[in-house]
Amino acid sequence: MQKIEVKVPAVPQGSYTIAIGADFLDSIIAQIKTLLRDKPLFILTDTNVAKAGHLEKLTAGTKIPCHIITPPGEISKHIATVTKIIEQMEKEALGRDCAVIALGGGTAGDIAGFVAAIYKRGVPVVHIPTTTVSQADSSIGGKTGVDSSISKNAYGAFYHPSAVFIDVATLKTLDEKQFNSGLVESIKHALIADADYFDYLTKNLEDIIARKYEPLEYIARQNCRIKAAVVEEDPCEKNKRRMLNYGHTIGHAVESASEYKLSHGQAVAIGIIAANIIEQKLGIDSKKRLDELKQLFGKLNINLQVPANIKTGELLDIISRDKKAVNKWPRFVLLEKTGKVLCKDGQWACQIEQKIVREAIDILLKQQF
Ligand SMILES: NC(=O)c1ccc[n+]([C@@H]2O[C@H](COP(=O)([O-])OP(=O)(O)OC[C@H]3O[C@@H](n4cnc5c(N)ncnc54)[C@H](O)[C@@H]3O)[C@@H](O)[C@H]2O)c1
Ligand SMILES: [Zn+2]
C-alpha cells in the first residue's frame with residue numbers, strides 16, 4: 001500500500017492521507033477507528049455496491065449502522081435522499097462525535113460528503129471510492145453536493161475528507177461501460193499535467209482494461225498526485241483548479257444537450273476532442289495528440305459521435321450559460337502541449353472568440369477530425 005499526503009490550507013484538519021492498494025477493504029474499518037479515535041461510524045453506500053459484496057467485506061462482521069441508497073446512481077443524488085439519511089442518523093442517536101464513511105462511486109461520495117458537511121454542523125467523512133471516476137476524481141478535492149430539479153450539484157459545499165482509502169480490487173465488479181468511461185478522467189489528468197503519464201496510458205491501456213492491480217494502483221497514484229497538487233494550490237477554484245475542467249466546457253454542453261443519455265466520460269472525451277480542434281485552429285501543434293486520443297478512446301470503446309439531433313446553436317447556447325461564464329461566455333482550458341496547460345497572463349483558462357468555438361463544434365458534429 002502506498003500513501004500520498006494532501007495538504008489542505010485554511011481548513012482545520014490541514015491535510016489528509018490517501019491510502020492506495022489492492023484487496024485491503026477488510027482492514028479499513030480498523031484503520032479508520034485508529035485514525036478517528038473510535039468515533040461512532042455511519043456507512044453510506046448504494047444497492048449495487050452492497051450487492052457486489054463490498055459492504056460485507058468492509059464491515060467484516062462488525063455491526064455499523066448503514067444507509068443503502070436506492071435506487072443507485074444520479075437519480076438518487078437529490079436533497080430528499082439527504083433528508084432521509086440525516087433523519088436515519090438522528091434515529092441512530094449519532095451525535096457530533098460521529099463520522100460518515102462513503103463506500104461507492106461519485107454519487108455516494110458526493111451525497112456522503114454533503115451529509116457530513118451539514119450534519120450537526122459538520123462531522124468527519126472518509127471516502128472509500130469504488131469506481132474509476134471516484135478513485136481518480138470525486139473522492140479527492142472536497143467538492144460535495146446533490147442536484148436540484150433544475151441543475152446538477154445545486155446544493156453543495158467544499159468539505160474535505162479526513163482520509164481516502166482506494167482499494168483498486170473494488171473495480172473488478174464495475175461494469176465495463178462505467179469502468180472505461182471513468183478512465184477518461186485519468187486521460188484528462190495526464191493531458192493537463194504529465195506527458196510521461198500520458199505515454200504510460202497509451203502503452204498500458206490493455207493491462208488497465210484487464211484490471212490488473214499494478215497498473216490500476218499506478219494510475220490511482222498518478223491521478224491523486226495530479227489532482228491533489230492542483231487542489232492544494234487552489235482549493236476553492238479561483239484560477240488554477242480550472243485546469244481540471246479540460247474538455248469539460250464543451251463536454252458538459254454535449255452531456256446536457258443529450259439529456260444525460262451520454263455518460264459523463266463519453267461527453268468529456270468528445271469535449272477533449274473539441275478542445276484539441278480549437279488548439280489546432282489557434283495554431284497549437286496538437287494533430288499528433290489528436291491521433292493518439294482517437295486511438296485511446298477507440299480502445300475504450302468510447303463513441304465520439306455527437307447524437308445527430310444536437311446542433312451547433314444549441315451547444316453554443318448551453319455554453320453561454322455555463323456557470324463559469326462572464327458576460328455570457330466562459331473561458332476555455334487549452335493545452336500548450338501534452339502535459340502542459342496553456343497559461344496566458346496568469347490565467348489557466350483562455351478567452352476564445354465565439355467564432356472559433358462555433359467552427360470547432362461544426363467540425364466535431366460533422367466528424368471531420
Ligand atoms: N465531487 C467531485 O469532485 C466530482 C467529480 C467527478 C464526478 N462527480 C460526481 O460523481 C458522480 C458520478 O460518479 P460515478 O461515475 O462514480 O457514478 P456512480 O456513483 O453513480 O456509480 C456508477 C454505477 O456503478 C455502481 N457501482 C459503484 N461502484 C461499483 C462497484 N465497485 N461494483 C459494481 N457497481 C458499482 C453504482 O451503484 C452506480 O450504479 C456524478 O454525480 C458526478 O457529478 C463528483
Ligand atoms: Zn469530469
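Me: Which way does α7 cross α11, left-handed or right-handed?
Reply: In this predicted model, α7 passes α11 in a left-handed crossing. The two helices, α7 at residues 176-193 and α11 at residues 264-281, pack at an angle of about 35°, and their axes are 7 Å apart.

Me: Which residues meet there?
Reply: From α7 the contact takes in Ser181, Gly182, Val184 and Lys188, and on the α11 side these meet Gly265, Gln266, Val268, Ala269 and Ile272. Sorted by class, the contact of α7 with α11 has 4 nonpolar, 4 polar and 1 charged residues.

Me: OK, switching to domains. What are the bounds?
Reply: The domain assignment of the protein gives domain 1 as 2-177 and domain 2 as 245-369, and the C-alpha centres of domain 1 and domain 2 lie 31 Å apart.

Me: And the sheet, what is the strand order?
Reply: It is an open sheet of 7 strands with mixed pairing, and its order is β1-β2-β9-β6-β5-β3-β4. The twist from one strand to the next averages 15°.

Me: Why do β1 and β4 each have one side without a neighbour in the sheet?
Reply: Because β1 (2-7) and β4 (66-69) stand at the edges and each has a single partner strand, one side of each is left without a neighbour in the sheet.

Me: How many bridges join β3 and β4, and is the pairing parallel or antiparallel?
Reply: Strand β3, residues 41-46, pairs with β4 in the parallel sense over 4 bridges. As for the residues themselves, Thr45 has Ile68 in β4 as its bridge partner.

Me: Which strands does α9 touch?
Reply: Helix α9, which spans residues 213-233, packs on the sheet and touches β1, β2 (15-21) and β9 (163-167). The direction of α9 makes about 10° with that of β1.

Me: Last topic, His54. Buried or exposed?
Reply: His54, which lies in helix α3 (residues 54-59), is buried, because 21 other C-beta atoms lie within 10 Å and the cut-off for calling a residue buried is 20 or more.

Me: What does His54 touch, leaving out residues up to four places away in sequence?
Reply: With those left out, His54 touches Leu25, Val49, Leu103, Thr130 and Thr170.

Me: How many residues apart in sequence are His54 and Thr170?
Reply: His54 and Thr170 are 116 residues apart in sequence, while in space they are 7.1 Å apart, taken from C-alpha to C-alpha.

Definitions and conventions:
Residues are numbered from 1 along each chain as its sequence is written. Chains are lettered from A and ligands numbered from 1 in the order in which they are written. This is a predicted model: local features need pLDDT of at least 70, side-chain atom pairs count only at pLDDT 80 or more; totals for chains, interfaces and linings use all residues. Axes are lines fitted to C-alpha atoms, for helices over the stretch in contact, and angles run from 0 to 180 degrees between N-to-C directions. A crossing is left-handed if the near helix is turned anticlockwise from the far one by less than a right angle, and right-handed if clockwise. Two residues are in contact if their C-beta atoms, placed from the backbone, lie within 7 Å. Ala, Val, Leu, Ile, Met, Phe, Trp, Tyr, Cys and Pro count as nonpolar, Asp, Glu, Lys and Arg as charged, and the others, Gly among them, as polar. Domain bounds come from an automatic or database domain assignment. Two strands pair if DSSP finds at least two bridges between them. A residue is buried if 20 or more other C-beta atoms lie within 10 Å of its own, exposed if 12 or fewer, and partly exposed in between; C-beta atoms are placed from the backbone.
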